[in-house]
Amino acid sequence: MSENGYTGLLDLCIGEAFRRRGFAKALVLNEMAQALSRGDHCFWLQVESANAAARALYQGLGFTTVYDYIYYCR
């Protein structure tokens with residue numbers, strides 16, 4: 001998703017059999033490179049707070065938490 005110089009990454013899912021192989025990192029880095037080539041200046045994403053592996057990946061790529069969402073289910 002790209003709009004007004006911002007690119008967002010939503011719903012990145014890696015199948016359990018393919019995790020810990022670098023696929024997610026490669027996908028994120030590829031999308032970031034494409035965003036820069038389009039002239040986008042900001043890259044954002046959403047991740048569930050309980051997904052420690054994804055949070056570690058994104059933090060390792062330089063992302064920081066800006067704010068948290070709270071979802072209510074009934």
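In the protein chain, residues 24 or more positions apart account for 57% of the contacts with a separation of 6 or more. The structure discussed here is a predicted model. Its chain holds 2 helices and 3 strands, and from the N terminus on these elements follow the order β-β-α-β-α. Along its principal axes, the C-alpha trace spans about 40 × 30 × 20 Å.

The surface comes next. Of the 74 residues in the protein chain, 19% count as buried. The chain exposes about 6200 Å², and carbon and sulfur atoms supply 54% of that area.

Thr 7 is buried, with a relative accessible area of 0%.

Cys 42 is partly exposed, with a relative accessible area of 28%. Cys 73, by contrast, is exposed, with a relative accessible area of 78%. A disulfide is a covalent bond between the sulfur atoms of two cysteines. How far is the sulfur of Cys 73 from the closest cysteine sulfur? The closest one belongs to Cys 13 and is 17 Å away, so the two are too far apart for a bond. For a pair to be counted, the sulfur atoms have to be within 2.5 Å. By this rule, the count comes to 0 disulfides.

The last feature is the open space in the model. Rolling a probe the size of a water molecule over the atoms shows where empty space is left. About 1400 Å³ of space lies in the largest pocket. This pocket is lined by 39 residues, and the closest to its centre are Leu 45, Gln 46, Val 47, Glu 48 and Tyr 58. The elements that give two or more residues to the lining are helix 1 (23-37), strand 3 (42-45) and helix 2 (52-60). Which element supplies the largest share of the lining? That share comes from helix 2, with 7 residues. Sorted by class, the lining of the largest pocket has 23 nonpolar residues, along with 8 polar and 8 charged ones.

Conventions
Residues numbered from 1 in each chain as written. Predicted model: local features only at pLDDT ≥ 70, side-chain atom pairs only at ≥ 80, totals over all residues. Heavy atoms only, no water. Buried < 20%, exposed > 50% of the residue type's maximum accessible area, 1.4 Å probe, protein only. 1 Å grid on protein atoms, 1.4 Å probe; cavity = no way out; pocket = protein on both sides within 12 Å on 5 of 7 lines; lining within 4 Å. Points joined across faces, edges and corners; volume = space filled by probe spheres on them. Helix = DSSP H or I, 4+ residues; strand = E, 2+ residues; numbered from the N terminus. Nonpolar A, V, L, I, M, F, W, Y, C, P; charged D, E, K, R; others polar. Contact = heavy atoms within 4.5 Å. Areas by Shrake-Rupley, 256 points an atom, 1.4 Å probe, with all protein chains shown as cover.
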